[in-house]
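Hi,

Here is the structure I promised to pass on. Have a look at it first, and then read my notes below.

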Amino acid sequence: MMLLAEQDSPLLIRDVEVFAPQPLGRRDVLIAAGRVLAIESDLVPGTGFPLRRIEGRGRWLLPGLVDSLVHIGGGGGEGGFATRAEPLRAQQAFEAGVTTLIGALGTDEVTRSHADLLACARALSSEGLSAYVLSGSYRVPVATLTGCLRRDLVLIPEMIGAGEIAIADHRGSQPSAAELARIGADARVGGMLAGKRGTVLIHVGDAPEGLRLLHEVSDTSALPVWQWHPTHINRNRPLFEQGIAWVTRGGSIDLTASTTPELLASGELPAADALLELLRRGAPVERITLSSDGQASLPHFDEQGRLLSLEVAPLSSLLDCLRALVIDHGQALQRVLPAFTRSPAELWGLPRKGRIEVGADADLLLLDSSTMSVEVVVARGSCHRLRIT
Ligand code: ZN
């Protein structure tokens, strides 16, 4: 697989079935200067400037996927130094249809740092992606870039929230409700001062207490429920049920698309099944996101806590999950697509991401409508044609 970047002249995608994520029918979409300029049924742009054209007939045009959790600097290491995962490359993201991603540290905040995380995000951004990062870490008191979570959010443009903060996990710091509330308050005020949403991504492990701490913080502090975004909610059935109760309370949840046969055998719910059950039970798609947990390790422990196996989570799991929902489960694309696009964009406070509308960033996927294979990725207006070699 290789990628050929093209010039940045205006681009017209003709006669394509648009999912914005809501269905708009067959439209012509004009892109210029990194934004969507027009969406019309029969667009005839004026002459006098160079215009690239792509024929869209028989294809679907979607917003680029928004991945809420990627260990862009490489995650893992829970099986020793040889199990540390590699940093993400931009090409992996384009091939996976991801144009916006949120980078975070994982279990290891000793050999991994926010300086490195930020450098990785800037490298990905320089290659056309929209890469953001989170301050904080699994461990509490949290690791930061400037020595202060609030200062990180105020001063570092790419830092839009905090996380992953680990709860209910033997790899976390077993924080108290008061400690967690302080992290939420710093993210909230730091976010407010910088015009960011300040969402806090909570890594939830497999301990039975699950989301208990989030309820306790919400019961005893002035922080809004929507400040928190717990992830790995499809890890097992009891946590999934707690996730539904959290959504009923007004909260949002994230499902992890990457998995292994061992994790599924030990009770993890496939993300596609989990999303469908949530929708069937009345959870609003606006408060559900999916993430790949890309470049994380997927460790499998036995009952004594011994590491049995460890794999690296692929970013491609997100698009694979969307494909499974539409092709294998027969779901209408517009029913499930918001959880991969507009919902995460809203929950991270990125109003120009995850949608196809005039003025939005030109982050687009052109898919074959029968196989849902990605033919072209447009990222901030730059066109990347995927070619199998
Ligand atoms: Zn996690």
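What follows is a short tour of the metal site, a strand pair and some salt bridges.

A word on the ground rules: this is a predicted model, where local features need pLDDT of at least 70 and side-chain atom pairs count only at pLDDT 80 or more, while totals for chains, interfaces and linings use all residues. Residues are numbered from 1 along each chain as its sequence is written, and side-chain values use heavy atoms, with hydrogens and water left out.

Let's start with the zinc ion. Its protein donors are Glu164 (OE), His203 (ND1) and His232 (NE2), at 1.8 to 2.1 Å. Donors here are N, O and S atoms within 2.8 Å of the metal (3.2 Å for Na, K and Ca), and since water is not among the atoms, sites may look incomplete. Along the sequence the spacing reads E-x38-H-x28-H. His203 sits in strand β11 (residues 199–204) and His232 in the loop between β12 (228–231) and α6 (237–248), so this pair ties together parts 29 residues apart in sequence. Helices (H or I, at least four residues) and strands (E, at least two) are DSSP runs, numbered from the N terminus. His203 is buried at 1% relative accessibility, and His232 is buried at 5%. Buried means under 20% relative accessible area, exposed over 50%, and partly exposed in between (1.4 Å probe, protein chains only).

Next, the strands. β13 (residues 253–256) and β14 run parallel, joined by four bridges; strands pair if DSSP finds at least two bridges between them. Leu255 has Leu290 as its bridge partner in β14. From β14 (residues 288–291), Ile288 and Leu290 point one way, Thr289 and Ser291 the other, and all are buried.

Now the charged pairs. There are 20 salt bridges in the structure, each a side-chain nitrogen of Lys or Arg within 4 Å of a carboxyl oxygen of Asp or Glu. One of them joins Arg57 to Asp15, with the closest N and O atoms 2.8 Å apart. Arg57 is in the loop between β5 (52–55) and β6 (59–63) and Asp15 is in strand β2 (residues 11–19), so the contact ties together parts 42 residues apart in sequence. Arg57 is exposed at 53%, but Asp15 is buried at 11%.

Lys353 and Asp363 also meet in a salt bridge (2.8 Å, N to O). Lys353 is buried at 2%, and Asp363 is buried at 3%. Salt bridges with shared partners join Arg35, Arg352, Lys353, Asp361 and Asp363 into one network.

Cheers
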